[in-house]
Amino acid sequence: MEIQFFDLIDALPDGALVIGDDGIVLSANAAAREALQLEPKGLSATTVIRNSAFVAALASVRSTTRFANIDFEIHSRPPRQISAFVSRLGDGDQILVILRDLTREQALEKMRSDFVANASHEMRTPLASIMGTIETLQGPAKNDPKAREKFLSSMLGQAQRMKRLIDDLLTLSRIELNAHVRPSAKVSLVQIAHQARGNLQSLAKELSADVSVEGMGEMHVAGDSDELLQVAQNLLENAIKYGAAGGQIKVQCSAGTDGVTLAVQDFGRGIPEIHIPRLTERFYRVSNQESRARGGTGLGLAIVKHILLRHRSKLNIHSQEGLGSVFSFTIPSYKS
Ligand code: ADP
């Protein structure tokens, strides 16, 4: 079977344009239409891609070089980052342009580098404080036993903060490693709720929060018990840390057609609406100062989000300023 040149172009995963000797696009595949967000066939190539580097690449491929590689941005919404490979076809005057959409790749790269910058910044703050304290202990406070006690306990606090950060970062990377494996053990969400409450009893007492768990029966779901305990604990810990002013905190388990829902409700001051879509981003906090004062790493809800993703579930957040917040998720029931 003879394969037609244009069929070959159509089958390519990257965008492809064939440009005639008059500069008009003779053919464009589906990926090119998608990347450029128009039908390029019949239009002048330099109208389709309005970029001076592209115009120069076409001229140089026609006259001197055989190939040229250029990167440019298409000003669509959202803008797209394109890498183009321009090459002369055979000995003729026709030109093949391969377009590779790098938008997603570059966004991921930026997320990675932002993450490293944020994590380093979070780490550097307690480290700088520890170093400053050591210098004080070596110098002015050298022979002052009372000051030494105070500085050592502040150093311990900062070191514990670094440890929490490292633990949370490791937890996140472990969950991401297993992101595609769906957990399937039989787990009772009611038991998880009681366990979370037990583990956080002393914090609740310290901040005068009264935590109640509601839910009848076992309510089994398909999941990973350690991870679901971590989710319930992170949500309850946040409710106690940020919503305790409301006094009461309710953890409710209920069974429905989609599975079992666990909801943690506080009656604290709530969260302004603009922050809600960003709460599960790594290191995002409504107030940096308050989160740090309460020993927060800013990673708790990112961990919750990733564990729930693994369980094919998602976190729902409803909050009203002055009235409190409800964080909930639903997991399919366990089927034997
Ligand atoms: P952190 O370590 O700072 O607690 P999280 O990712 O767990 O990090 O939470 C992110 C931010 O969301 C918190 O810093 C806080 O500002 C806000 N938040 C989370 N839960 C609540 C809540 N129940 N009430 C009010 N604000 C909350």
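Predicted model: local features only at pLDDT ≥ 70, side-chain atom pairs only at ≥ 80, totals over all residues.
1. Let's start at the ligand. One of its oxygen atoms is 3.3 Å from a polar backbone atom of G300. Another entry in this group is V286, where a backbone N or O atom lies 3.1 Å from an oxygen atom of the ligand.

2. Residues are numbered from 1 along each chain as its sequence is written, and side-chain values use heavy atoms, with hydrogens and water left out.

3. Now look at who surrounds the ligand. There are 19 residues around it, and Y242, S291, T297, G298 and L301 come nearest. A residue counts as near if one of its heavy atoms lies within 4 Å of the molecule or strand in question. Two or more residues of this shell come from each of α9 (225-243), α11 (300-310) and β12 (324-331). The largest share, four residues, is from α9. Helices (H or I, at least four residues) and strands (E, at least two) are DSSP runs, numbered from the N terminus.

4. Zoom out for a moment. The protein chain is split into domain 1 (5-101), domain 2 (103-181) and domain 3 (182-336), with bounds that come from an automatic or database domain assignment. Between the C-alpha centres of domain 1 and domain 2 there are 48 Å.

5. Next, the aromatic rings. How many aromatic pairs does a search of the whole structure find? It finds three. F54 and F72 make a tilted pair, because their ring centres are 6.5 Å apart and their planes stand at 50°. Rings of Phe, Tyr and Trp (its six-membered ring) pair if their centres lie within 6.5 Å; planes under 30 degrees apart count as stacked, over 60 as edge-to-face and the rest as tilted. F54 sits in helix α4 (residues 52-63) and F72 in strand β3 (residues 67-74), so this pair ties together parts that are 18 residues apart in sequence. Both F54 and F72 are buried.

6. F67 and F85 form a stacked aromatic pair, at 5.6 Å centre to centre and 20° between the planes. F67 is in strand β3 and F85 in strand β4 (residues 80-88), so the pair links parts that are 18 residues apart in sequence. F67 is partly exposed, with a relative accessible area of 48%, and F85 is partly exposed at 33%. The cut-offs are: buried under 20% relative accessible area, exposed over 50%, partly exposed in between (1.4 Å probe, protein chains only).

7. The charged end of K150 sits over the ring of F151, 5.3 Å from its centre. R282 lies over the face of F115, at 4.9 Å from the ring centre. To count, NZ of Lys or CZ of Arg must be within 6 Å of the ring centre and within 35 degrees of the ring normal.

8. Two residues have backbone angles to check. Most residues other than glycine have a negative phi. F283, however, has a positive phi, near 70°; F283 lies in the loop between β10 (259-266) and α10 (288-293) and is buried, with a relative accessible area of 9%. R312 also has a positive phi, near 55°. R312 is placed in the loop between α11 and β11 (316-320) and counts as partly exposed at 44% relative accessibility.

9. Last, a side-chain contact in a loop. Is D14 buried or exposed? At 19% relative accessibility, D14 counts as buried. D14 lies in the loop between α1 (5-11) and β1 (15-19), and its side chain makes a polar contact with the side chain of R100 (2.7 Å).

Definitions and conventions: Polar contact = N/O pair within 3.5 Å; in protein donor to acceptor, adjacent residues only side chain to side chain.
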